[in-house]
Amino acid sequence: MRVRYEGGILVQDLLKEVILDPVRKTPGSIVSHGHMDHLTSGGIMTPQTLEVLKVRRGGTGQALPYGKEIDLNGFRVVLKDAGHVFGSAMVRVDDLLYTGDFNPEGGSTCGKARPEFVQSLIVDATYGRPGYNFPPKKDVESDLLNWLEMELASGPVALAGYEFGKSQELISLVNRLGVEVAVSDRIADLADIYLRHGIDLRYRRLSSLTEEERKDPRAYVLPPGWLRPPAMFDFTRRYGVDAQFPLSDHADFEDLMDFILACRPRRVYTAFSNAKELAKAVDRRLRIKSEALLTR
Ligand SMILES: [Zn+2]
C-alpha cells in the first residue's frame, strides 16, 4: 500500500484507492469525525458524525456504524471507536489503520481507541513531541469538579468549551455533581444528537432560564468567546479566566508511543501538527520505519 497526502490522506494499492479526511466534499471518501478541520460532506462516516455534519455544515453522507465491514473500491473498510469525541472513528482499510484524532483514554461521551495489529499505521501526531504529556484524565476531571464545587458555593460558574465535543464532555462531568447545567442553544443542538444516541446528558437551554433563575448557583457551559468581555453574562467576580484544566481529547506523547508499539506496524505514517517530530521519535525509539505526511 502507498500513502501520501493529496487533498486528504490518499491510500493506494495497485489500482485501488481511497481518500481519508479529504479537504473538500468527496463522494466515496471516509470522514473520521465531526471537528471542523476533518468534517466534509459526501463521505462515509459513523451515523453519529453524519448527524453532527447536518447540524454543523449541512450536507449529506453515507452512515457506517462502528464495526460493520463494507467493501469500498475493493478495500475492506471498518470504522472503530477513536475515543476522541462522540462518533469519532479510526478507519481500518485492509491491513492499514488510520487513527484520525484519537485517544486511548477515551472520554465520558465516547469509547476508547484500542490498538489493532496492522502492517501500516497512519497516526495523529497532534501531541507527537517528546514531553507533551498530560496528567491522567481521571485526575484532571476530579480537579475540575473539586474546583467547580468550591466556586459554586459563591454563585454561578461559567465553563468554556468548544461547541462540539468539549462542551458535551463538560456537561457530562458536571452532571456527576448533580448540579444543574445551562448551555447555549448551539451547544444544546449538538448535545441533542448525543441524547438521540443514548448518551445521558442533562442540561437546560440558556434561552429557557428566567432572569431570576440566572442568579442561582449553577454551571454554565458556553463557547469560549462568550467568557471574554464584553461578556454575555455579568460574571463580575470572574472576568477573565480563573482556572484552566488540561482536559485533552488526544493521545499524549507516551500514549502515542504505547499505541504504536501495540499495533506492531511495519511502517508508520505520521499526520498533523507534530508529524516530523513524531516520525523521528518512532524511528529512533521504536525502530519502526516512519514517515511524516505533509498534511495541510
Ligand atoms: Zn478532532
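So, the buried residues of helix H6: Ala 275, Leu 278, Ala 279, Ala 281 and Val 282. Buried here means 20 or more other C-beta atoms within 10 Å of the residue's own, with 12 or fewer being exposed, anything in between partly exposed, and C-beta atoms placed from the backbone. Seen down the H6 axis, those buried residues fall within an arc of 165°, so they line one face of the helix; the arc is taken over directions from the helix axis to the C-beta atoms. They pack against helix H5, strand S15 and strand S16, where contact means C-beta atoms, placed from the backbone, within 7 Å.

Keep in mind that this is a predicted model: local features need pLDDT of at least 70, side-chain atom pairs count only at 80 or more, and totals for chains, interfaces and linings use all residues. Residues are numbered from 1 along each chain as its sequence is written. Helices (H or I, at least four residues) and strands (E, at least two) are DSSP runs, numbered from the N terminus.

Okay, next pair. The axes of H3 and H4 come within 10 Å and cross at roughly 70°, and H3 and H4 are therefore roughly perpendicular, a label that covers 65 to 115 degrees, while under 35 is roughly parallel, over 145 roughly antiparallel and the rest oblique. Axes are lines fitted to C-alpha atoms, for helices over the stretch in contact, and angles run from 0 to 180 degrees between N-to-C directions. On the H3 side we've got Ser 167, Gln 168 and Ile 171, meeting Ile 187, Leu 190, Ala 191 and Tyr 194 in H4.

Terms used:
Contact = placed C-beta atoms within 7 Å.
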